[in-house]
Amino acid sequence: MAHTIAVFGAGYVGLIQAVALHSLGNKVYLVDVDEERLALIRNRKAPIFEKGLDAMLASANFDTFIPTSDAKTSIENANVLFICVGTPSEGTSQDTRALEAVSKTIGTHLDSFKVVVVKSTVLPGTTQDIVGKTIETTSGLNAGEDFGLAMNPEFLREGTALQDFFHGDRTVIGVEDERSKTILSEIYDLKESTHFCSIKEAELVKYASNSFLALKISFANEIGNLCKRLDLDAYRVLQLTGKDSRIGEKFLESGIGYGGSCFPKDVAALIGLYEREGLPLRTINAAHEANEHQHERLIGIIKKSHDLRGAKVGVLGLAFKRGTDDTRASPAIRTIRSLLKEGAKITAFDPQAMDRAKAELDIAYAKSGQEIIDGNDLIVILTDWPEFEKLDYRQKPVFLGRKLNVKGEGITW
Ligand code: NAD
Ligand code: UGA
């Protein structure tokens with residue numbers, strides 16, 4: 001059954017949620033405060049690089065897919081409101097200002113029963129204590145009676161976001177009133193595996209998932225470090241380890257560590273929650289600690305054979321992983337900063353992430369991967385873009401922080 005939906009926040013999560021729900025026949029208002037971003041979307045240009053998104057925007061029907069800054073009209077017309085704004089960490093606490101702003105806006109214009117669904121990653125209690133309470137205070141209405149409240153954590157990965165929306169492993173919906181549950185079941189009736197739980201449980205599932213994956217990667221990195229020392233094939237060891245279905249083969253790729261807008265931020269927020277609760281969190285703290293230092297191993301490996309002071313180093317890759325233009329908390333950027341501290345002269349290239357990197361890193365940039373190789377003495381690969389495998393490395397020394405089929409010395413291989 002088609003619904004009229006408003007999605008707040010046209011970032012990685014909101015934009016995907018909006019185009020995907022629109023493609024399923026729903027009328028969707030995509031609400032953002034960033035007019036520049038909205039203008040791009042109205043011109044059918046994706047403001048982020050994401051596989052399949054341009055095609056979805058190209059075929060969108062703008063009578064029923066409405067990118068807008070008009071929150072009032074969107075709220076009045078929609079019966080389901082998804083909140084997808086950012087929740088960055090401030091150290092180990094969560095910045096909920098955007099969430100509060102949207103909640104106030106919703107409360108101001110709420111005029112009948114609608115379901116408010118938090119998709120942003122939020123600590124247990126936030127949906128009810130911040131979003132629900134703010135809407136109640138602003139509107140004078142009661143959550144669970146006059147409007148519905150739910151928490152639907154997002155599990156998409158950048159680079160495969162649309163694939164994850166349509167074929168994700170599971171949909172988790174924290175909801176405590178029947179009316180909202182029915183409406184959300186209709187919206188997600190395409191999903192093979194939808195699970196309902198309490199709102200706070202849904203909030204914690206998201207942190208447990210991201211922290212577990214972060215833990216798995218740090219574990220893989222430390223096993224990888226040992227493999228390198230013992231001259232063993234880290235990828236074979238971990239692949240065979242993962243053949244045990246209790247362990248699983250995914251997320252055991254060792255390299256310079258995890259980055260992106262979520263794992264580091266969500267791990268930090270969970271650490272903060274444990275601190276406030278007075279509980280020890282030794283496992284996740286260790287994963288975080290290991291991740292902070294993993295990239296240093298690559299610098300150490302390079303320094304064994306090369307003097308970095310004054311060396312012309314060409315870097316391939318700036319994004320936090322292949323398939324995205326996102327450089328938030330990118331291990332590539334962190335590694336470049338360490339290389340700069342060692343005195344290296346860096347020129348970098350990334351097929352998608354150059355503009356974002358330029359905003360945070362004042363170094364030289366090349367126009368192509370081949371230019372990087374031709375113009376530098378030493379090549380360091382920091383993002384696993386498959387196209388880097390097709391370059392001619394001209395027998396120059398290559399060091400890899402991410403696994404690719406390129407001849408050179410890897411961080412754990
Ligand atoms: P983002 O920074 O890419 O996008 C957030 C958007 O919200 C921006 O376009 C911003 O202009 C807009 N915004 C801010 N205030 C607003 C307001 N008052 N009204 C309307 N729009 C407003 O963020 P993101 O990466 O999409 O992440 C959003 C949330 O989803 C975060 O909590 C994040 O942890 C979570 N999440 C992200 C991913 C991911 O892959 N990026 C995956 C799962 C969960
Ligand atoms: C991650 C989760 O995979 C999503 O389920 C979640 O929704 C999202 O965070 C989020 O909450 O934002 P994403 O950050 O897009 O998705 O990317 P991942 O593919 O998980 O990779 C994260 C980082 O870990 C990257 O730097 C990647 O290179 C690294 N990684 C991943 C490894 O080093 N090894 C691996 O085996 C897998």
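Leu 99, Glu 100, Ser 103, Lys 104, Ile 106, Gly 107 and Thr 108 of α5 are in contact (heavy atoms within 4.5 Å) with Thr 126, Ile 130, Val 131, Thr 134, Ile 135, Thr 138 and Ser 139 of α6. The model is predicted: local features need pLDDT of at least 70, side-chain atom pairs count only at pLDDT 80 or more, and totals for chains, interfaces and linings use all residues. Residues are numbered from 1 along each chain as its sequence is written, chains are lettered from A and ligands numbered from 1 in the order in which they are written, and side-chain values use heavy atoms, leaving out hydrogens and water.

**Helices α5 and α6**
- The contact of α5 with α6 divides into five nonpolar, seven polar and two charged residues (nonpolar: Ala, Val, Leu, Ile, Met, Phe, Trp, Tyr, Cys and Pro; charged: Asp, Glu, Lys and Arg; polar: the others, Gly among them).
- Helix α5 (residues 97-109) and helix α6 (residues 126-139) have axes that come within 7 Å and cross at roughly 35 degrees (helices are DSSP runs of H or I, at least four residues, numbered from the N terminus; axes are lines fitted to C-alpha atoms over the stretch in contact, with angles from 0 to 180 degrees between N-to-C directions).
- Their crossing is right-handed (the near helix is turned clockwise from the far one by less than a right angle).

**Ligand 2**
- Ligand 2 is surrounded by 19 residues, the closest being Phe 155, Leu 156, Glu 158, Lys 206 and Cys 262 (a heavy atom within 4 Å).
- Oxygen atoms of ligand 2 lie 2.7 Å from a backbone N or O atom of Glu 158 and 2.9 Å from one of Phe 320.

Key:
Polar contact = N/O pair within 3.5 Å; in protein donor to acceptor, adjacent residues only side chain to side chain. Helix = DSSP H or I, 4+ residues; strand = E, 2+ residues; numbered from the N terminus.
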